[in-house]
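Welcome to this structure! Here are a few notes to read alongside it, taken one region at a time.

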Amino acid sequence: MKLKLTWSLFIILAGSLFFSAQVDAKSTTYYAKPDTYLYAKQSKSSTKLTTLKQNQKFTTTSKASATYYKVKIGTKTGYIPKSKALKKKTWYYYADQANLYGYAKRSFQATSTRLTNKKGTLFTSNETPKATKNISSAQNLIPITYKGKKYYVPFMYLNIGKTEKQLRSYFTNIHKGKDYAFQGSYFDTYTFYDAKRAKTMQNYIERKGFVKASPTLSFFNPYTYTYKFEQFGSYKYYTLKVNKK
């Protein structure tokens with residue numbers, strides 16, 4: 001009788017410890033950097049199970065110090081390198097000019113500071129890009145971090161040139177037949193005659209951090225794009241208008 005009772009207590013105790021361990025497993029949220037892959041094993045040479053969009057959120061119970069984080073994306077479970085994980089959503093901008101003015105608040109009337117940046121200096125921003133109708137709107141002041149401080153800088157003084165080059169190169173590799181691209185001063189337009197190739201391009205630009213915006217807005221911030229389908233008789237067009245600067 002005592003043996004049965006002892007065994008029962010052991011099972012209960014073991015079960016409670018297992019449950020406690022499950023509850024104590026802390027989940028941490030991260031956001032993906034550009035071109036982040038979910039690998040089948042803890043190695044970049046292993047099979048790529050899927051691709052994440054830039055800033056796509058994922059959670060893991062792996063320790064923060066781990067080299068790879070175990071993650072489940074949809075129905076697939078694999079590993080993401082720690083080097084590809086960010087604590088906050090992040091976009092990357094480059095200074096078009098040296099010594100830009102940075103505003104203390106999102107207002108052109110706010111106190112401004114002359115930054116000591118060089119042309120081409122990398123800025124980071126944790127705010128999701130939004131398209132706007134008015135180019136003079138304070139919404140076109142982008143919050144950036146420079147030397148550990150936050151400033152608001154007009155988007156027309158920033159550029160995403162490196163990303164633009166990557167998009168153009170990618171388009172060249174996937175276009176066929178009558179597909180074409182137009183390079184403008186403030187945006188590039190990619191027109192496809194095949195929905196699959198258009199979707200491939202859309203997936204790629206989202207891997208680079210672009211955010212879909214309403215096609216009715218006339219002005220824009222970098223990292224926003226529109227996707228439009230049109231049909232004229234038997235001709236179908238799939239157009240992506242990708243903002244830049």
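1. Two strands count as paired if DSSP finds at least two bridges between them. Strands themselves (E, at least two residues) and helices (H or I, at least four) are DSSP runs, numbered from the N terminus. This is a predicted model, where local features need pLDDT of at least 70, side-chain atom pairs count only at pLDDT 80 or more, and totals for chains, interfaces and linings use all residues. Residues are numbered from 1 along each chain as its sequence is written, and side-chain values use heavy atoms, leaving out hydrogens and water.

2. Have a look at β1 (residues 28-32), which is joined to β7 by 2 bridges and runs antiparallel to it. Here Y31 faces L86 of β7. Both strands belong to an open sheet of 3 strands in the order β4-β1-β7. Because β4 (57-60) and β7 (85-86) are edge strands with a single partner each, one side of each has no neighbour in the sheet.

3. Within β19 (residues 235-243) sits T239, which counts as buried because its relative accessibility is 16%. Beyond its neighbours within four places in sequence, T239 is in contact (heavy atoms within 4.5 Å) with T189, Y190, T191, T226, Y227 and K228.

Key. Buried < 20%, exposed > 50% of the residue type's maximum accessible area, 1.4 Å probe, protein only.
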